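I opened my notebook to go through this fold piece by piece. Here is what I looked up, in the order I got to it.

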Amino acid sequence: MPIPKAELHLHIEGTLEPELAFALAARNGIELPYADTEELRKAYLFDDLQTFLNLYYSLMAVLRTEADFEELADAYLARAAEQGVRHAEIFFDPQAHTARGIPIGTVVEGLSRALDRSEERHGISTRLIMCFLRDQSADSALETLTAAEPHLHRIIGIGLDSAEVGHPPAKFRKVYEAAAARGLRLVAHAGEEGPPAYITEALDVLGVERIDHGLRCMEDPALVERLVRDRVPLTLCPLSNVRLRAIDVLEEHPLPQMLDAGLMCTVNSDDPAYFGGYVDDTFHAVREALGLDQERLRTLARNSFEAAFLDRDAADEAL
Ligand code: HPA
Ligand code: ZN
(Lines give C-alpha, C1' and ligand atoms only; values in the text may rest on other atoms or scores of the structure.)
(Ligands and ions follow the chains in the order given, each with its own letter.)
Protein backbone atom coordinates (compact mmCIF):
# COMPACT_ATOMS: atom_id res chain seq x y z
CA MET A 1 0.00 0.00 0.00
CA PRO A 2 1.44 3.38 -0.94
CA ILE A 3 1.88 5.75 1.98
CA PRO A 4 -1.00 8.29 2.25
CA LYS A 5 0.16 11.69 1.12
CA ALA A 6 -0.85 15.10 -0.18
CA GLU A 7 0.41 16.32 -3.53
CA LEU A 8 1.14 20.05 -3.47
CA HIS A 9 3.13 20.65 -6.66
CA LEU A 10 1.34 19.28 -9.68
CA HIS A 11 0.63 21.06 -12.96
CA ILE A 12 -2.53 19.54 -14.38
CA GLU A 13 -1.31 20.25 -17.92
CA GLY A 14 1.78 18.22 -17.03
CA THR A 15 -0.34 15.11 -16.54
CA LEU A 16 -1.21 14.92 -20.23
CA GLU A 17 -0.08 11.44 -21.23
CA PRO A 18 0.65 10.82 -24.95
CA GLU A 19 -2.33 8.45 -25.21
CA LEU A 20 -4.76 11.09 -23.96
CA ALA A 21 -3.09 13.75 -26.13
CA PHE A 22 -3.77 11.64 -29.22
CA ALA A 23 -7.34 10.82 -28.14
CA LEU A 24 -8.17 14.51 -27.55
CA ALA A 25 -6.44 15.52 -30.80
CA ALA A 26 -8.62 13.04 -32.72
CA ARG A 27 -11.78 14.23 -30.97
CA ASN A 28 -10.99 17.88 -31.72
CA GLY A 29 -9.75 17.36 -35.28
CA ILE A 30 -6.21 18.48 -34.47
CA GLU A 31 -3.18 17.03 -36.23
CA LEU A 32 -0.22 16.46 -33.92
CA PRO A 33 3.27 16.67 -35.47
CA TYR A 34 4.06 13.13 -34.23
CA ALA A 35 3.25 9.85 -35.96
CA ASP A 36 2.16 8.06 -32.79
CA THR A 37 2.45 7.94 -29.00
CA GLU A 38 5.86 6.28 -29.24
CA GLU A 39 7.24 9.14 -31.31
CA LEU A 40 5.68 11.67 -28.93
CA ARG A 41 7.23 9.93 -25.92
CA LYS A 42 10.60 10.28 -27.60
CA ALA A 43 10.02 14.04 -27.81
CA TYR A 44 9.76 14.00 -23.99
CA LEU A 45 13.55 14.14 -23.89
CA PHE A 46 14.70 17.59 -22.95
CA ASP A 47 17.51 18.88 -20.87
CA ASP A 48 16.37 22.24 -19.62
CA LEU A 49 13.27 24.07 -18.49
CA GLN A 50 12.76 26.07 -21.69
CA THR A 51 12.92 23.05 -24.02
CA PHE A 52 10.43 21.24 -21.82
CA LEU A 53 8.12 24.27 -21.67
CA ASN A 54 8.09 24.60 -25.47
CA LEU A 55 6.75 21.07 -25.88
CA TYR A 56 4.45 21.41 -22.87
CA TYR A 57 2.76 24.55 -24.24
CA SER A 58 2.52 23.24 -27.80
CA LEU A 59 0.82 20.00 -26.72
CA MET A 60 -1.86 21.95 -24.86
CA ALA A 61 -3.43 22.63 -28.28
CA VAL A 62 -5.43 19.43 -27.83
CA LEU A 63 -7.27 20.84 -24.78
CA ARG A 64 -10.27 22.77 -26.05
CA THR A 65 -13.54 21.99 -24.28
CA GLU A 66 -14.76 21.66 -20.70
CA ALA A 67 -14.97 17.92 -21.29
CA ASP A 68 -11.28 17.85 -22.29
CA PHE A 69 -10.21 19.55 -19.07
CA GLU A 70 -12.53 17.31 -17.07
CA GLU A 71 -11.06 14.19 -18.64
CA LEU A 72 -7.50 15.41 -18.05
CA ALA A 73 -8.16 16.07 -14.36
CA ASP A 74 -10.12 12.86 -13.84
CA ALA A 75 -7.31 10.80 -15.41
CA TYR A 76 -4.80 12.43 -13.04
CA LEU A 77 -6.99 11.86 -9.97
CA ALA A 78 -7.47 8.18 -10.87
CA ARG A 79 -3.70 7.70 -11.08
CA ALA A 80 -3.08 9.80 -7.98
CA ALA A 81 -5.47 7.60 -5.97
CA GLU A 82 -3.38 4.55 -6.92
CA GLN A 83 -0.33 6.44 -5.69
CA GLY A 84 -1.75 7.03 -2.21
CA VAL A 85 -2.71 10.66 -2.77
CA ARG A 86 -5.50 11.73 -0.38
CA HIS A 87 -5.35 15.46 -1.03
CA ALA A 88 -4.18 17.30 -4.16
CA GLU A 89 -3.52 21.01 -4.68
CA ILE A 90 -3.54 21.33 -8.42
CA PHE A 91 -1.90 24.07 -10.49
CA PHE A 92 -3.26 25.25 -13.81
CA ASP A 93 -1.92 27.83 -16.27
CA PRO A 94 -4.86 29.96 -17.49
CA GLN A 95 -2.74 32.16 -19.76
CA ALA A 96 -1.51 29.13 -21.72
CA HIS A 97 -5.15 28.53 -22.65
CA THR A 98 -6.57 32.04 -23.00
CA ALA A 99 -3.68 32.80 -25.39
CA ARG A 100 -5.13 30.07 -27.64
CA GLY A 101 -8.62 31.51 -27.45
CA ILE A 102 -9.92 29.16 -24.75
CA PRO A 103 -11.87 31.17 -22.16
CA ILE A 104 -10.72 30.86 -18.55
CA GLY A 105 -14.24 29.70 -17.63
CA THR A 106 -13.89 26.64 -19.87
CA VAL A 107 -10.69 25.70 -18.07
CA VAL A 108 -11.88 26.28 -14.49
CA GLU A 109 -15.35 24.83 -14.93
CA GLY A 110 -14.04 21.81 -16.85
CA LEU A 111 -11.39 21.03 -14.20
CA SER A 112 -13.96 21.64 -11.46
CA ARG A 113 -16.32 19.02 -12.89
CA ALA A 114 -13.67 16.40 -12.15
CA LEU A 115 -12.58 17.98 -8.87
CA ASP A 116 -16.14 18.17 -7.55
CA ARG A 117 -16.51 14.39 -7.91
CA SER A 118 -13.02 13.55 -6.72
CA GLU A 119 -13.72 12.76 -3.06
CA GLU A 120 -16.53 10.43 -3.96
CA ARG A 121 -14.82 8.79 -6.95
CA HIS A 122 -11.19 8.74 -5.92
CA GLY A 123 -11.12 9.53 -2.20
CA ILE A 124 -9.05 12.65 -2.87
CA SER A 125 -9.89 16.13 -1.59
CA THR A 126 -8.75 18.86 -3.96
CA ARG A 127 -7.89 22.52 -4.26
CA LEU A 128 -7.13 24.55 -7.39
CA ILE A 129 -4.24 27.03 -7.63
CA MET A 130 -4.06 29.43 -10.57
CA CYS A 131 -0.50 30.07 -11.78
CA PHE A 132 0.70 33.09 -13.70
CA LEU A 133 3.31 32.64 -16.41
CA ARG A 134 6.27 34.67 -15.19
CA ASP A 135 7.71 35.13 -18.70
CA GLN A 136 4.57 37.10 -19.57
CA SER A 137 3.93 40.64 -18.39
CA ALA A 138 2.76 41.73 -14.96
CA ASP A 139 -0.21 43.40 -16.67
CA SER A 140 -1.21 40.10 -18.26
CA ALA A 141 -1.17 38.49 -14.79
CA LEU A 142 -3.42 41.27 -13.46
CA GLU A 143 -5.80 40.87 -16.41
CA THR A 144 -5.91 37.14 -15.73
CA LEU A 145 -6.82 37.71 -12.09
CA THR A 146 -9.63 40.01 -13.23
CA ALA A 147 -10.85 37.45 -15.78
CA ALA A 148 -10.85 34.80 -13.04
CA GLU A 149 -13.08 36.92 -10.79
CA PRO A 150 -16.33 34.98 -11.52
CA HIS A 151 -14.55 31.70 -10.73
CA LEU A 152 -12.62 32.65 -7.60
CA HIS A 153 -14.90 30.58 -5.37
CA ARG A 154 -13.29 27.56 -7.07
CA ILE A 155 -9.70 28.76 -6.64
CA ILE A 156 -7.83 28.70 -3.34
CA GLY A 157 -4.69 30.52 -4.33
CA ILE A 158 -2.22 31.77 -6.90
CA GLY A 159 1.23 30.65 -7.98
CA LEU A 160 3.96 31.66 -10.39
CA ASP A 161 5.56 29.30 -12.90
CA SER A 162 7.23 29.01 -16.33
CA ALA A 163 10.70 30.30 -17.27
CA GLU A 164 12.24 31.57 -14.04
CA VAL A 165 15.58 33.17 -14.84
CA GLY A 166 15.23 36.85 -15.72
CA HIS A 167 11.71 37.00 -14.27
CA PRO A 168 12.18 37.71 -10.55
CA PRO A 169 9.23 37.49 -8.18
CA ALA A 170 9.10 41.26 -7.59
CA LYS A 171 7.79 41.70 -11.14
CA PHE A 172 4.48 40.32 -9.81
CA ARG A 173 4.17 42.33 -6.57
CA LYS A 174 0.94 44.05 -7.64
CA VAL A 175 -0.95 40.93 -8.61
CA TYR A 176 0.10 39.16 -5.39
CA GLU A 177 -1.15 42.16 -3.39
CA ALA A 178 -4.45 42.08 -5.28
CA ALA A 179 -4.79 38.32 -4.74
CA ALA A 180 -4.00 38.62 -1.02
CA ALA A 181 -6.66 41.32 -0.72
CA ARG A 182 -9.15 38.81 -2.16
CA GLY A 183 -8.20 36.25 0.48
CA LEU A 184 -6.28 33.98 -1.90
CA ARG A 185 -3.38 31.85 -0.62
CA LEU A 186 0.03 32.59 -2.09
CA VAL A 187 2.76 30.31 -3.45
CA ALA A 188 5.44 30.73 -6.13
CA HIS A 189 8.05 28.70 -7.95
CA ALA A 190 11.45 30.00 -6.87
CA GLY A 191 14.97 28.62 -6.75
CA GLU A 192 14.42 25.93 -9.38
CA GLU A 193 16.68 27.38 -12.08
CA GLY A 194 16.73 30.85 -10.52
CA PRO A 195 19.07 31.97 -7.73
CA PRO A 196 18.42 31.77 -3.95
CA ALA A 197 17.72 35.53 -3.98
CA TYR A 198 14.46 34.77 -5.84
CA ILE A 199 13.34 32.65 -2.88
CA THR A 200 14.02 35.52 -0.48
CA GLU A 201 12.20 37.89 -2.80
CA ALA A 202 9.16 35.60 -3.09
CA LEU A 203 8.92 35.57 0.72
CA ASP A 204 9.64 39.27 1.33
CA VAL A 205 8.00 40.95 -1.66
CA LEU A 206 5.19 38.56 -2.58
CA GLY A 207 4.50 37.20 0.91
CA VAL A 208 4.25 33.57 -0.24
CA GLU A 209 3.42 30.84 2.27
CA ARG A 210 5.17 28.00 0.42
CA ILE A 211 8.03 27.85 -2.05
CA ASP A 212 7.64 25.59 -5.07
CA HIS A 213 10.97 23.81 -5.67
CA GLY A 214 13.29 26.03 -3.60
CA LEU A 215 16.12 23.61 -4.32
CA ARG A 216 18.77 26.30 -4.67
CA CYS A 217 18.21 27.58 -1.11
CA MET A 218 21.05 25.20 -0.25
CA GLU A 219 23.50 27.73 -1.74
CA ASP A 220 22.62 30.27 0.96
CA PRO A 221 23.05 29.11 4.59
CA ALA A 222 21.33 32.21 6.03
CA LEU A 223 18.32 31.53 3.84
CA VAL A 224 18.24 27.87 4.94
CA GLU A 225 18.28 29.05 8.54
CA ARG A 226 15.35 31.35 7.88
CA LEU A 227 13.31 28.67 6.05
CA VAL A 228 13.93 26.24 8.92
CA ARG A 229 13.06 28.80 11.60
CA ASP A 230 9.82 29.84 9.88
CA ARG A 231 8.94 26.29 8.78
CA VAL A 232 8.41 27.45 5.20
CA PRO A 233 7.34 24.40 3.19
CA LEU A 234 9.32 23.55 0.05
CA THR A 235 7.48 21.53 -2.58
CA LEU A 236 10.39 19.59 -4.06
CA CYS A 237 10.13 17.62 -7.30
CA PRO A 238 13.22 15.39 -7.51
CA LEU A 239 12.38 13.64 -10.80
CA SER A 240 11.72 17.01 -12.41
CA ASN A 241 15.09 18.27 -11.17
CA VAL A 242 16.86 15.38 -12.89
CA ARG A 243 14.91 15.61 -16.16
CA LEU A 244 15.44 19.38 -16.40
CA ARG A 245 19.07 18.98 -15.33
CA ALA A 246 18.91 21.11 -12.19
CA ILE A 247 20.95 18.17 -10.90
CA ASP A 248 22.77 15.50 -12.91
CA VAL A 249 21.50 12.30 -11.30
CA LEU A 250 18.97 11.52 -8.58
CA GLU A 251 21.75 10.09 -6.38
CA GLU A 252 23.07 13.66 -6.10
CA HIS A 253 19.77 15.21 -5.04
CA PRO A 254 20.24 17.22 -1.82
CA LEU A 255 16.97 15.98 -0.25
CA PRO A 256 18.73 14.08 2.58
CA GLN A 257 20.84 17.13 3.45
CA MET A 258 17.75 19.32 3.27
CA LEU A 259 15.93 17.05 5.73
CA ASP A 260 19.04 16.95 7.96
CA ALA A 261 19.07 20.74 7.96
CA GLY A 262 15.50 20.69 9.30
CA LEU A 263 13.84 22.08 6.18
CA MET A 264 10.11 21.44 5.81
CA CYS A 265 10.44 19.34 2.62
CA THR A 266 7.67 17.71 0.64
CA VAL A 267 8.07 15.47 -2.42
CA ASN A 268 5.87 15.96 -5.47
CA SER A 269 5.67 15.02 -9.13
CA ASP A 270 5.46 18.44 -10.92
CA ASP A 271 4.66 17.23 -14.48
CA PRO A 272 4.44 13.46 -14.11
CA ALA A 273 3.58 12.61 -17.73
CA TYR A 274 6.79 14.33 -18.80
CA PHE A 275 9.18 13.56 -15.95
CA GLY A 276 8.83 9.82 -15.69
CA GLY A 277 6.75 9.23 -12.60
CA TYR A 278 3.79 10.07 -10.40
CA VAL A 279 4.24 10.93 -6.75
CA ASP A 280 4.54 7.46 -5.23
CA ASP A 281 6.95 6.55 -8.05
CA THR A 282 8.92 9.58 -6.87
CA PHE A 283 8.86 8.37 -3.24
CA HIS A 284 10.19 5.00 -4.45
CA ALA A 285 12.85 6.61 -6.60
CA VAL A 286 14.20 8.80 -3.78
CA ARG A 287 14.12 5.87 -1.38
CA GLU A 288 16.22 3.80 -3.75
CA ALA A 289 18.59 6.50 -5.00
CA LEU A 290 19.09 8.31 -1.70
CA GLY A 291 18.62 5.49 0.77
CA LEU A 292 15.83 7.24 2.68
CA ASP A 293 14.46 5.01 5.42
CA GLN A 294 10.79 4.50 6.27
CA GLU A 295 10.90 7.14 9.01
CA ARG A 296 12.06 9.80 6.55
CA LEU A 297 9.42 8.83 4.02
CA ARG A 298 6.83 9.17 6.77
CA THR A 299 8.20 12.61 7.62
CA LEU A 300 7.80 13.65 3.98
CA ALA A 301 4.22 12.38 3.92
CA ARG A 302 3.41 14.09 7.25
CA ASN A 303 4.92 17.34 5.98
CA SER A 304 2.73 17.19 2.88
CA PHE A 305 -0.44 17.33 5.00
CA GLU A 306 0.99 19.96 7.34
CA ALA A 307 1.97 22.17 4.39
CA ALA A 308 -1.40 21.74 2.65
CA PHE A 309 -4.07 24.41 2.62
CA LEU A 310 -6.25 22.22 4.82
CA ASP A 311 -7.48 23.16 8.26
CA ARG A 312 -5.78 21.33 11.11
CA ASP A 313 -8.62 18.88 11.71
CA ALA A 314 -8.76 17.81 8.07
CA ALA A 315 -4.98 17.37 7.97
CA ASP A 316 -5.02 15.26 11.16
CA GLU A 317 -7.86 13.16 9.81
CA ALA A 318 -6.00 12.52 6.56
CA LEU A 319 -2.99 11.31 8.57
N1 HPA B 1 8.84 25.02 -13.57
C2 HPA B 1 8.34 26.11 -14.12
N3 HPA B 1 7.22 26.11 -14.81
C4 HPA B 1 6.58 24.97 -14.97
C5 HPA B 1 7.06 23.80 -14.43
C6 HPA B 1 8.26 23.83 -13.68
O7 HPA B 1 8.78 22.83 -13.15
N8 HPA B 1 6.19 22.84 -14.78
C9 HPA B 1 5.21 23.42 -15.49
N10 HPA B 1 5.43 24.72 -15.61
ZN1 ZN C 1 6.28 23.21 -11.20
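Predicted model: local features only at pLDDT ≥ 70, side-chain atom pairs only at ≥ 80, totals over all residues.

**Entry 1: two strands side by side.** I started with strand E7 (residues 233-236), which is joined to E8 by four bridges, the two running parallel. I picked one bridge to follow by eye: Leu234 has Cys265 in E8 as its bridge partner.

**Entry 2: the whole sheet.** Zooming out, I found eight strands in an open sheet with parallel pairing, in the order E1-E2-E3-E4-E5-E6-E7-E8. Which strands stand at the edges? They are E1 (5-11) and E8, and each has a single partner strand, so one side of each has no neighbour in the sheet. On average, neighbouring strands here are turned by 25° against each other, direction ignored. I also noted helix H16 (residues 294-306), which packs on the sheet and touches E1, strand E2 (85-92), E7 and E8. The direction of H16 makes about 100° with that of E8.

**Entry 3: which way E8 points.** I reminded myself that side chains in a regular strand alternate between the two faces of the sheet. In E8, Met264 and Thr266 point one way, while Cys265 and Val267 point the other way. Buried or exposed? All four of these are buried.

Entry 4: Next I followed the chain into the loop between E8 (264-267) and helix H14 (272-275), where I found Asp271. Asp270 lies in that loop between E8 and H14 too. I counted 25 C-beta neighbours inside 10 Å for Asp271, and the cut-off is 20 or more, so Asp271 is buried. Asp270 has 29 other C-beta atoms within 10 Å, so Asp270 is buried as well. Leaving out residues up to four places away in sequence, Asp271 touches His11, Gly14, Tyr56 and Ser240. With the neighbours within four places left aside, the contacts of Asp270 include His9, His11, Cys237 and Phe275.

**Entry 5: the annotations.** I checked the UniProt record, an unreviewed entry, and it lists Asp271 under "binding site". The "binding site" annotation in UniProt (unreviewed entry) also covers His9, His11, His189 and Asp270. These four are spread over 262 residues of sequence, yet they cluster in space, with a largest C-alpha distance of 11.8 Å.

**Entry 6: a look at His189.** Where is His189? I found His189 in strand E5. His189 is buried because 29 other C-beta atoms lie within 10 Å. Not counting residues up to four places away in sequence, His189 touches Gly159, Leu160, Asp161, Glu164, Asp212 and His213.

**Entry 7: helix H10.** Last stop was helix H10 (residues 196-206), where the buried residues are Pro196, Tyr198, Ile199, Glu201, Ala202, Leu203 and Leu206. What do the buried residues of H10 pack against? I listed helix H9 (173-181), strand E5 (185-190), strand E6 (210-213) and helix H11 (221-229). After H10 comes Gly207, and its phi is positive, near 70°.

Methods: Residues numbered from 1 in each chain as written. Chains lettered and ligands numbered in written order. UniProt positions renumbered as here; feature names shortened; annotations may be inferred. Buried ≥ 20, exposed ≤ 12 C-beta atoms within 10 Å, placed from the backbone. Contact = placed C-beta atoms within 7 Å. Pairing = 2+ DSSP bridges. Axes fitted to C-alpha atoms, helices over the stretch in contact; angles between N-to-C directions.
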